[in-house]
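Subject: Structure handover

Hello,

Here is the structure I promised to pass on. Please open it first, then read the notes below.

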Amino acid sequence: MVKRKKILFLIVGAVLSAVCIFTLFLPFPKAVARAEENYRCVWEDGEETSESYASAFSMLQGIAEDGTIELKYGTHVGRITPGEDFYAYNDALSKGSLLDLLLLGNGELSRIERAALYEVYGGTAYYSADAFRYTGERVVRENFKHPEKVVLLSGTLGRSYLSQTGAKELRLASEAKFSADRLLGSRVEKITAAAPYCAENDLLYLDVAGQRRLLAAVPTARKLTVGDCDYADEGALAACTQLEDLTIPFAGNAKRNFGSRYDGTFAWLFSSDGFLVPKTLKTVRVLGGKLVSRCFYGCPYLQEVNACGLSAEDVSDDAFADMVGWKCVHSSNGNLILTGKYSRHIAPCGCTVFVRG
């Protein structure tokens, strides 16, 4: 019996050895495929080159606006045209729903295509009741602590989520629910959005039933010009702690008095557990609406207000009474109540310019 076992072991050993030796001469499919990957790159001067994965990766910049893969060598820019699956991935990762993202993972992508997608989207946290992340292969649920960018796909963010992650870019999908208090304490420098949201010039609006609401602004902004809108949310600019110069279509929450909910106080825009008008804000231009009594309450550091576009009857005599740090006021109402000693003169537009000191 022992002899038969020894013979059997010898036979099995011989077979295994033969198999191992034979496999030494076989290619490794994945390794060989990757080693042989070469990509046709067309440079801006018309030159065409064949790039290996290593050379292409060393020059990888990301994804161009036309969806091609962008390389850069010195000042020279080249493009690699990807396959159809790449365009589908890019489309889903840039503007797809959570379902679109979770269905990714079966596409035929080259190594440089995966690298380009990860370069662009690897630092993004996709949020919809929980955080998700693209790994370079697929989108998975993951508590991404420090994303560069946050995409709010649906629902709302926790109040301190943006400030805790330190994200510098925010994108809102059409199903997102967003309010300005989510930006408090954050480092967001850029906001983009899908309809019904509209992001323009560092400002975020919501378009509903033919009317536009001012929702929020980029917290790091130093100068803002609010576009034409009908309403402004309370605290829309409260996160803007570095703001120095502001132009607004009206003071308060609306162009005109619309009833009991109307608030014409300028500091409405900075209201969040009190008035948070930043000390850095020195110059304001008001293009329309009304300046109600005590309009600039809570603005002791504001120095200059230009309200040239308003009629005299739309500017209350005591609209600037609480603006104790003022230096210059430009107003169509020449009977303003102001603190301190000042001189006045008539501007070419017909307004009265009050200058302190």
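T283 sits in strand β18 (residues 283-286). Helices (H or I, at least four residues) and strands (E, at least two) are DSSP runs, numbered from the N terminus.

Before you go on: this is a predicted model, where local features need pLDDT of at least 70, side-chain atom pairs count only at pLDDT 80 or more, and totals for chains, interfaces and linings use all residues. Residues are numbered from 1 along each chain as its sequence is written, and side-chain values use heavy atoms, with hydrogens and water left out.

T283 counts as buried, because its relative accessibility is 17%. Buried means under 20% relative accessible area, exposed over 50%, and partly exposed in between (1.4 Å probe, protein chains only). T283 touches E244, D245, L246, L302 and E304, leaving aside residues up to four places away in sequence. Contact here means heavy atoms within 4.5 Å.

H330 belongs to strand β20 (residues 328-331). H330 is buried too, at 14%. Its contacts, again not counting residues up to four places away in sequence, include V305, N306, C349 and T352.

**A helix pair**

Look next at helix α4 (residues 84-95) and helix α6 (residues 111-121). Their axes come within 11 Å and cross at roughly 10°. Axes are lines fitted to C-alpha atoms, for helices over the stretch in contact, and angles run from 0 to 180 degrees between N-to-C directions. The two helices are therefore roughly parallel (angles under 35 degrees). On α4 the contact uses F86, Y89, N90, L93 and S94; on α6 it uses E113, A116, L117 and Y121.

**Salt bridges**

The whole structure holds 16 salt bridges. Each is a side-chain nitrogen of Lys or Arg within 4 Å of a carboxyl oxygen of Asp or Glu.

- K149 pairs with E169, with the closest N and O atoms 3.6 Å apart. K149 is in strand β9 (residues 149-155) and E169 in strand β10 (residues 169-176), so the bridge ties together parts 20 residues apart in sequence. K149 is partly exposed, at 21%.
- R212 pairs with E200 at 3.8 Å between the closest N and O atoms. R212 is in strand β14 (residues 211-217) and E200 in strand β12 (residues 197-200), twelve residues apart.
- K255 pairs with D228, with the closest N and O atoms 2.8 Å apart. K255 is partly exposed, at 24%, whereas D228 is exposed, at 57%.

Salt bridges that share partners also join E200, D207 and R212 into one network.

Best wishes

Terms used: Parallel < 35°, antiparallel > 145°, perpendicular 65-115°, else oblique.
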